[in-house]
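I opened a new notebook page for this chain.

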Amino acid sequence: MIKTEFGIIEDIGETQEYSYDPEKYQCVCIDDAYIDDWWNKLALLKTYFHSLDRPEFGLARWGITLIPPDSLPGFQEIMLSDKRINEDVHLRGLADKIQDAISRNKKIHKMFCCINRYKIIK
């Protein structure tokens with residue numbers, strides 16, 4: 001089963017490259033199947049792959065994606081439109097994380113979400 005983690009980076013460096021650190025970013029985890037289902041819609045969101053000097057759209061299939069504040073409402077809309085949110089505590093946790101990032105951006109100059117995909121081997 002593949003999982004995707006989302007967390008908030010409080011202070012981002014313009015040239016810093018980010019690596020996997022779920023505890024540092026207090027990540028929440030969802031099943032990657034949701035990302036697959038949302039893929040075409042997510043591809044319209046402005047993002048960065050691994051660092052701010054790599055602008056892209058959508059999510060990096062593997063590794064770190066930085067989602068800028070301007071893209072968070074679109075990401076939130078994609079996620080909240082999924083009816084499975086009522087059945088999955090992890091999706092609700094992600095909804096809370098996105099709302100927290102959006103709300104706190106009013107106080108913090110730069111706020112990004114960090115995504116990392118990994119495979120759980122059982």
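I worked on a predicted model, in which local features need pLDDT of at least 70, side-chain atom pairs count only at pLDDT 80 or more, and totals for chains, interfaces and linings use all residues. Residues are numbered from 1 along each chain as its sequence is written, and side-chain values use heavy atoms, with hydrogens and water left out.

I looked up the secondary structure and found 3 helices and 6 strands. Helices (H or I, at least four residues) and strands (E, at least two) are DSSP runs, numbered from the N terminus. Read from the N terminus, the order is β-β-α-β-β-β-α-α-β.

I then checked contacts (heavy atoms within 4.5 Å). Of those between residues at least 6 apart in sequence, 64% join residues at least 24 apart.

Entry 4, strand 1. I found 7 of the 8 residues of strand 1 (residues 2–9) buried. Strand 1 runs antiparallel to strand 2 (residues 28–31), with 4 bridges between them; pairing requires at least two DSSP bridges. F6 has V28 of strand 2 as its bridge partner.

Which residues of helix 2 (residues 72–80) are buried? I listed L72, F75, Q76, I78 and M79. These buried residues line one face of helix 2, because they fall within an arc of 160° seen down its axis. The arc is taken over the directions from the helix axis to the C-beta atoms.

Conventions:
Buried means under 20% relative accessible area, exposed over 50%, partly exposed in between (1.4 Å probe, protein chains only).
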